[in-house]
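Here is a short note to read beside the model. Please keep the structure open as you go.

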Amino acid sequence: MKSDPSVVHQLAIDRVDNLDPRDLAGLCEATNAAIVEGGGFGWLEAQSRTALERHFRGVLLVPERELFIARLDGEVVGSAQMVRPPRNNEAQGFSATLTHAFIAPYARGFGLARLLIRKIEERAAGQGIRVLNLDVRATQTTAISLFEGLGYIRWGTHPAYARANGETVAGYHYYRIIEVPHGRSSAEALGEIKGN
């Protein structure tokens with residue numbers, strides 16, 4: 001899908017607690033398109049519809065996981081997940097992880113990826129989360145540009161992060177400080193961040 005400036009497209013990001021059959025089908029299609037293109041999840045080959053449906057239904061069952069879907073003109077074309085630490089991990093309760101973020105190749109160029117990430121940041125801030133973490137394969141240059149452009153700070157490189165196409169690939173680790181809407185600033189709440 002090419003972005004035509006004369007056409008106004010409807011962009012939407014939704015946090016979902018369940019998926020109707022049409023949305024689930026669109027999400028499975030978008031997921032496989034992203035996998036085939038080289039991004040999305042860590043899967044290297046397209047998955048069966050059954051496997052993807054089972055995956056997304058499982059995501060919706062995990063209390064610490066939230067699923068966000070991206071829509072272009074009403075159709076699901078991408079998703080991302082925000083994962084909070086389990087309750088017994090109080091030491092990291094101020095943070096969450098942004099994971100499995102993708103937009104299908106046929107729906108890129110409309111600003112959905114940026115909108116998706118910002119919506120997750122907004123949700124995180126509303127829950128009092130002060131730090132969002134993420135990691136990405138070094139080969140995913142578009143995603144890296146997006147995250148760095150949104151203010152994510154690369155704090156480390158894992159030289160043996162993944163195996164793809166018969167090669168060992170490095171991975172980059174990022175974080176971003178999030179400001180919550182009320183109360184103390186994140187700088188006050190977190191104090192000095194050692195290592196910076």
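1. Two strands pair if DSSP finds at least two bridges between them. Helices (H or I, at least four residues) and strands (E, at least two) are DSSP runs, numbered from the N terminus. With that in hand, five bridges join strand 3 to strand 4 (residues 95-103), and the two run antiparallel. Val-83 faces Thr-97 of strand 4.

2. A word on the source. This is a predicted model: local features need pLDDT of at least 70, side-chain atom pairs count only at pLDDT 80 or more, and totals for chains, interfaces and linings use all residues. Residues are numbered from 1 along each chain as its sequence is written, and side-chain values use heavy atoms, with hydrogens and water left out.

3. Now the other partner. Strand 2 (residues 65-72) pairs with strand 3 in the antiparallel sense, over eight bridges. Leu-72 stands opposite Glu-75 of strand 3. Two residues lie between the strands of this hairpin, and Asp-73 takes a positive phi near 50 degrees there.

4. Is strand 3 enclosed or open? Eight of its nine residues (75-83) are buried, so strand 3 is largely enclosed by the rest of the structure. Buried means under 20% relative accessible area (1.4 Å probe, protein chains only). Across the protein, 40% of the 196 residues are buried.

5. Next, the whole chain. The protein has five helices and seven strands. Their order along the sequence is β-α-α-β-β-β-α-β-α-β-β-α.

6. Last, contacts (heavy atoms within 4.5 Å). Among contacts in the protein with a separation of 6 or more, 62% join residues 24 or more positions apart.

Technical notes. Buried < 20%, exposed > 50% of the residue type's maximum accessible area, 1.4 Å probe, protein only.
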